[in-house]
Amino acid sequence: MGANKKPKKEKIKLGKLEKREARMGYVFIAPWIIGVLLFLLIPLGQSFYYMWYKIRITPLGYNFQWVGTGNFTSIWIEDPEFPQQLLTYVWQTVLEVPIITVFSLIIALMLNDKIKLKGFFRLVFFLPVIIVSGPVMNMLVGENVATIPVLNVQSVQNALDIIFPTSFATSIAELFSNMITILWYSGVQILIFLSALQKIDPSMYEAAKIDGGSGWECFWKITLPTIKPMILLNAVYTVIFLSSNEQNELINMIKTSMFLATNEKGGYGYASAMAWMYAIVISLIVLLFFLLLGSKKDVYDRQVAKFKRQQKREIRRQNAIIRRQDRHARQLEKERSRKNYKSYDGSSDY
């Protein structure tokens, strides 16, 4: 019995230096954990709890009245403005994200090239990220600085109405009217693309040019496949940025509804239901871009994976043949030993 016992695994004890490094790791990550608990998980749980109630603030405190899905019903039936703004937001986000991403990629390619005053131009394109935020952005938009004065947006919309549906033409026209604002939102994306472009090995371009590859072919065969993960990252970042921006009408509508406590609509519960529907729509948009831009294996990778699967199947088939041969050999050995035993018994009896 003692021989069948499995040997106990010896526990590796950490030294003093390793224990101290482990403790310091927890110390460095503690602010992030505290921030997630205080400013993300707890408010998220509260809003999920609030959206099932109609909440009123009284001198005695909060008054909770269970309404179930009544807040959602009121939003979709009694408040047509929010669903309309939600559809407008979806249209604008789906159109603006590719524009911002493509513009950021073009500027990053230009800034990564050998040009004079490269650092100055990088500062110019990243400066709006620092300056244009919060009240500054609201003031600039109020002064019509974010629009192009010489551009007649109404004529653009009238021309698009002839070709496209009215909702689609309106969204395109709003893109033209907010073109400067959209370009201001591309500073971080340019920085991410720049960091990805600088990681590409220059010898790959040299080898491609030696083989006769043009700049256009190098872009499609080397640059774009290499920075493809960054395209997905920038698309997701742009969706989140546009969704949480102060210029977003839905954010302002949710804030207004939170402090509007009338008998028909408003309050913390009503605003929480709006926020959760808005979050679900944002998640679906992020999922859409992930499905469109997610990493997919190219033809060579698929062929390699297929070859590996065939190798595994061939190995399993060979192992099965070897096992069958072993079983057959054992059966023959047993039959041979049985015949020898019978012949030996017969000779002894005789």
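I130 sits in helix α4, which covers residues 118–131. In this predicted model, is I130 buried or exposed? I130 counts as exposed, because its relative accessibility is 56% and the cut-off for that label is over 50%. Follow the chain from I130 to G187 and you pass along 57 residues of sequence, yet their C-alpha atoms are 9.2 Å apart in space.

**The protein as a whole**

- If you count the pieces of secondary structure, you will find 15 helices and two strands.
- How much of the protein do buried residues make up? The share is 27% of the 350 residues.
- The protein has an accessible surface of about 25,200 Å², and carbon and sulfur atoms account for 64% of that surface.
- Take the contacts between residues at least 6 apart in sequence: 70% of them join residues at least 24 apart.

**A buried serine and its contacts**

- Next, look for S272 in helix α14, a helix made of residues 268–293.
- S272 counts as buried because its relative accessibility is 8%, and buried means under 20%.
- Which residues does S272 touch, once its neighbours within four places in sequence are set aside? They are S47, Y50 and M51.

**A nonpolar patch on the surface**

- Y26, I29, W32, I33, I34, L37, L38, F39, L40, L41 and I42 form a nonpolar patch on the surface.
- Together, the residues of this patch have about 1,200 Å² of accessible area.

- Where is K306 found? K306 lies in helix α15, which runs over residues 299–349.
- K306 is partly exposed because its relative accessibility is 48%, which again falls between the two cut-offs.

Methods: Residues numbered from 1 in each chain as written. Predicted model: local features only at pLDDT ≥ 70, side-chain atom pairs only at ≥ 80, totals over all residues. Heavy atoms only, no water. Helix = DSSP H or I, 4+ residues; strand = E, 2+ residues; numbered from the N terminus. Buried < 20%, exposed > 50% of the residue type's maximum accessible area, 1.4 Å probe, protein only. Patch = residues over 30% accessible without salt bridge, like charges linked within 9 Å, V, L, I, M, F, W, Y side chains within 5 Å. Areas by Shrake-Rupley, 256 points an atom, 1.4 Å probe, with all protein chains shown as cover. Salt bridge = Lys/Arg side-chain N within 4 Å of Asp/Glu carboxyl O. Contact = heavy atoms within 4.5 Å.
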